[in-house]
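User: Hi! Could you walk me through this model?

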Amino acid sequence: MEVLCVGQLAADILVRPVNRVDFGVDTQRVEGIDIRNGGDSLNAALGLRRLGVSVGFSGLVGDDRLGEYLRGLILDAGIDARGLKRTSDARTCACLVLINGSGDRTFFYYGGSNDLFGPDSIDPVLVKEASIVHVGGTYLLPRFDGEGAAGLFAAARAQGKPTSMDVTWDTTGRWLAVIEPCLPHLSFFTPSITEAKHIAGTDDPAGIARFFLDRGVETAVIKLGSEGCYVRRQGAEGFRVPAFPTEVVDTTGAGDSFVAGFLTGIVRGWELSESAAFACAVAALNIRKIGATAGIPTFEEARAFMQQRKGSHGSHR
C-alpha cells in the first residue's frame with residue numbers, strides 16, 4: 001500500500017440546516033438527516049482512495065451496526081481492511097454534526113471504540129508494507145496519543161518511511177504536551193490554524209511553522225481554511241498557497257480532504273508547492289457537497305479543476 005492511515009473513524013449523523021437550537025420548542029423541521037463516514041483518518045483514507053492512491057486502514061470499531069456500516073464503506077472503497085479491528089468493550093464512535101445555512105458545523109462527539117484504540121491495535125506488518133504512515137484524529141485517541149503515536153512514527157522512520165500527522169480539537173486543553181513526543185519523528189505535520197494556534201501560542205502561520213520546525217518536524221503545512229495554506233520545510237523559506245474560490249455547502253471533512261490531496265502529491269513525487277495547490281483544489285471541490293468525503297473528486301477531476309483556473313492561482317512567499 002502507498003499510504004497506511006491510522007486512527008480515528010466515526011459514523012457521522014449530519015443534521016442540516018441548524019442555525020440555532022431552541023430547547024423550548026418540542027419539534028423542529030430540518031431539510032435532511034444523513035449517516036455518513038467520519039473521523040479524520042478514515043476520511044483521509046477514503047479521499048486518498050478516490051484520488052487513486054492504494055490505501056490501508058488501521059482502526060477500531062465496536063461489534064455493532066455502525067461498525068458494520070463503516071467496515072462496508074472501507075471494503076467497498078477498495079481499502080485494505082486488515083488493520084480494522086473490532087471490540088465488544090465499546091460501541092463504534094459516532095458524531096452528531098449540526099450544519100448551519102452557511103456550511104459551518106459543530107460536532108457532538110462520542111469516542112466509543114476510538115477511546116480504546118492503542119499501539120497494540122496496530123499490526124506492524126502493515127507498517128512494514130506501507131510507503132507512508134499517516135495518523136489522523138490526534139487528541140481524540142487517548143490510549144494512542146502522545147507516546148503511542150510517537151512510537152509508531154519512530155518505527156516507521158527507522159524503516160525509511162515518511163510519516164504524517166493531522167490533529168483535531170483537543171477537548172482536554174493540553175495541546176503541545178500531548179503531541180510533543182511525536183514532533184521529532186514527523187515528515188509532515190498538517191494541522192488547521194484553529195488547532196495550531198493553541199499548540200504554538202501564536203496565530204501567525206509563519207511563526208507556527210517555525211515553532212514546529214524548531215521541534216523537529218521536517219515540513220509544516222498549516223491549513224488556513226478559506227485563505228489556503230502555509231508551507232515550510234527545514235532549510236527553506238515558507239510560502240503560502242491560496243485557496244480556490246468555491247461554493248460552500250458543508251465544511252465537514254475540508255481539512256481531511258486537503259490532507260488526502262496533499263499526500264497524493266507526495267506519493268506522486270511532486271514538489272511541495274504543487275502538492276499544496278492540489279490539496280487546496282481537492283478541498284474546494286469537496287466542500288460543495290454534504291458529507292465529509294461526498295465531494296472528493298477523482299484525480300482527473302481535480303487536475304481539470306486546477307487547469308481551468310490556471311494563471312489565477314499560485315503560491316507566493
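User: Let's jump in at Trp175. Where is it found?

Analyst: Happy to. This is a predicted model, and Trp175 sits in the loop between β9 (163–167) and α5.

User: And what is phi of Trp175 near?

Analyst: Near 50°, a positive value in a residue other than glycine. Most non-glycine residues have a negative phi.

User: Is Trp175 buried or exposed?

Analyst: Trp175 has a relative accessible area of 9%, so it counts as buried.

User: What about Tyr139, where is its place and what is its phi?

Analyst: Tyr139 is in the loop between β8 (132–138) and α4. Its phi is positive too, near 95°. Tyr139 has 6% relative accessibility, so it is buried.

User: Which residues does the cis peptide bond join?

Analyst: Arg16 and Pro17, with omega at about -15°. Pro17 belongs to the loop between β2 (10–16) and β3 (32–38). Most peptide bonds are trans.

User: Nice. Let's zoom out: how many helices and strands are there?

Analyst: The protein chain has ten helices and 13 strands. Its C-alpha trace spans about 60 × 45 × 40 Å along the principal axes.

User: How does the radius of gyration sit with a compact globule?

Analyst: It agrees: a compact globule of 317 residues would have a radius of gyration near 20 Å, and the protein chain has 18 Å. Of the 317 residues, 55% count as buried. As for contacts between residues at least 6 apart in sequence, 69% of them join residues at least 24 apart.

User: And the surface and charges?

Analyst: The accessible surface comes to about 13500 Å², and 47% of that belongs to carbon and sulfur atoms. There are 32 positive and 37 negative charges, and their mean positions are 4 Å apart.

User: Which residues touch the most other members in the largest nonpolar core?

Analyst: Leu48, Phe57, Phe258, Phe262 and Phe278, out of 49 residues in that core. Helix α9 (residues 272–286) gives the largest share of this core, eleven residues. Apart from it lies another core of 43 residues, including Leu141, Val167, Leu186 and Leu224.

User: What is Phe278 in contact with?

Analyst: Leaving aside neighbours within four places in sequence, Phe278 is in contact with Leu51, Gly261, Thr264, Trp270, Phe299, Ala302, Arg303 and Met306.

User: Moving on to α7, how many of its residues are buried?

Analyst: Seven of its ten residues, so α7 is mostly covered. The buried ones are Pro205, Gly207, Ile208, Ala209, Phe211, Phe212 and Leu213. They pack against α5 (176–179), β10 (188–189), α6 (193–200), β11, β12 (229–233) and β13 (239–241).

User: What follows α7?

Analyst: Gly216, whose phi is positive, near 105°. Val217 is in the loop between α7 (205–214) and β11 (219–223). Val217 has 0% relative accessibility, so it counts as buried.

User: And which residues does Val217 touch?

Analyst: Not counting residues up to four places away in sequence, Val217 touches Leu183, Leu186, Phe189, Phe212 and Gln234. Phe212 is itself one of the buried residues of α7.

User: One last one: where is Ala156?

Analyst: Ala156 is in helix α4 (residues 147–158), and it is buried, with a relative accessible area of 0%. Beyond its neighbours within four places in sequence, Ala156 is in contact with Val127, Val133, Lys161 and Thr163. Ala156 and Leu186 are 30 residues apart in sequence, and their C-alpha atoms are 9.9 Å apart in space.

Definitions and conventions. Residues are numbered from 1 along each chain as its sequence is written. This is a predicted model: local features need pLDDT of at least 70, side-chain atom pairs count only at pLDDT 80 or more; totals for chains, interfaces and linings use all residues. Side-chain values use heavy atoms; hydrogens and water are left out. A nonpolar core is a set of buried Ala, Val, Leu, Ile, Met, Phe, Trp, Tyr and Cys residues joined through side-chain atoms within 4.5 Å. Buried means under 20% relative accessible area, exposed over 50%, partly exposed in between (1.4 Å probe, protein chains only). Helices (H or I, at least four residues) and strands (E, at least two) are DSSP runs, numbered from the N terminus. Contact means heavy atoms within 4.5 Å. The radius of gyration is taken over C-alpha atoms; the globule rule is 2.2 Å times the number of residues to the power 0.38. Accessible areas come from the Shrake-Rupley method with a 1.4 Å probe; for residues, only the protein chains shown count as cover. Lys and Arg count as positive and Asp and Glu as negative; His and the chain ends are not counted. The place of a charge is taken as NZ of Lys, CZ of Arg, CG of Asp or CD of Glu.
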